[in-house]
Amino acid sequence: MADDTENTAPDPTQNAEKDPETWVTGDEPMTGPQKSYLETLAREAGQELPGDLTKAKASEMIDELQQKTGRGQ
């Protein structure tokens, strides 16, 4: 018997990511995994990593460095 309820699953063709600037916890210190990944990306890109990034700024920097290094494509 078919279920007549509406499918509420997210549309996989739409970007579900929020802008880091709108994150509720975006002003908290970056997480351990963010720091570790940023250290790797910064090393590959030949850049210095600021030590006091917020979660939101770390996310933005990850995006930038992924573009520079070709990771995340």
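A salt bridge is a side-chain nitrogen of Lys or Arg within 4 Å of a carboxyl oxygen of Asp or Glu. Keep that in mind as we walk through this structure, which is a predicted model.

## The salt bridges

How many salt bridges does a search of the whole structure find? It finds 3, and they are listed here.

| Salt bridge | Closest N and O atoms |
|---|---|
| Glu-28 with Lys-55 | 2.9 Å |
| Arg-71 with Glu-44 | 2.6 Å |
| Lys-57 with Glu-60 | 3.6 Å |

Let us start with Glu-28 and Lys-55, whose closest N and O atoms are 2.9 Å apart. Glu-28 sits in the segment before α1, while Lys-55 belongs to helix α2, so this pair ties together parts that are 27 residues apart in sequence. Are these two partners buried or exposed? Glu-28 has a relative accessible area of 35%, which makes it partly exposed. Lys-55 has a relative accessibility of 17% and counts as buried, because buried means under 20% relative accessible area.

Next come Arg-71 and Glu-44, with 2.6 Å between their closest N and O atoms. Arg-71 is found in the segment after α2 and Glu-44 in helix α1, so here too the parts tied together are 27 residues apart in sequence. Arg-71 is partly exposed, at 33% relative accessibility. Glu-44 is partly exposed as well, with a relative accessible area of 44%.

The pair Lys-57 and Glu-60 has another setting: both residues lie in helix α2. They are 3 residues apart, which is about one turn of the helix. Lys-57, at 40% relative accessibility, counts as partly exposed, and Glu-60 is partly exposed with a relative accessible area of 23%.

Now for the nonpolar side of the story. In soluble globular proteins, nonpolar side chains tend to be buried together. The largest nonpolar core in this model has 9 residues: Met-30, Leu-38, Leu-41, Ala-42, Leu-53, Ala-58, Met-61, Ile-62 and Leu-65. Two helices, α1 (32-45) and α2 (55-69), each supply at least two residues of this core. Which helix gives the most to this core? That is α2, with 4 residues.

Leaving aside residues up to four places away in sequence, Leu-41 touches Ile-62, Leu-65, Gln-66, Thr-69 and Arg-71. Among these, Ile-62 and Leu-65 are members of the core along with Leu-41. Arg-71, another residue that Leu-41 touches, is the salt-bridge partner of Glu-44.

Terms used
Residues are numbered from 1 along each chain as its sequence is written. This is a predicted model: local features need pLDDT of at least 70, side-chain atom pairs count only at pLDDT 80 or more; totals for chains, interfaces and linings use all residues. Side-chain values use heavy atoms; hydrogens and water are left out. A nonpolar core is a set of buried Ala, Val, Leu, Ile, Met, Phe, Trp, Tyr and Cys residues joined through side-chain atoms within 4.5 Å. Buried means under 20% relative accessible area, exposed over 50%, partly exposed in between (1.4 Å probe, protein chains only). Contact means heavy atoms within 4.5 Å.
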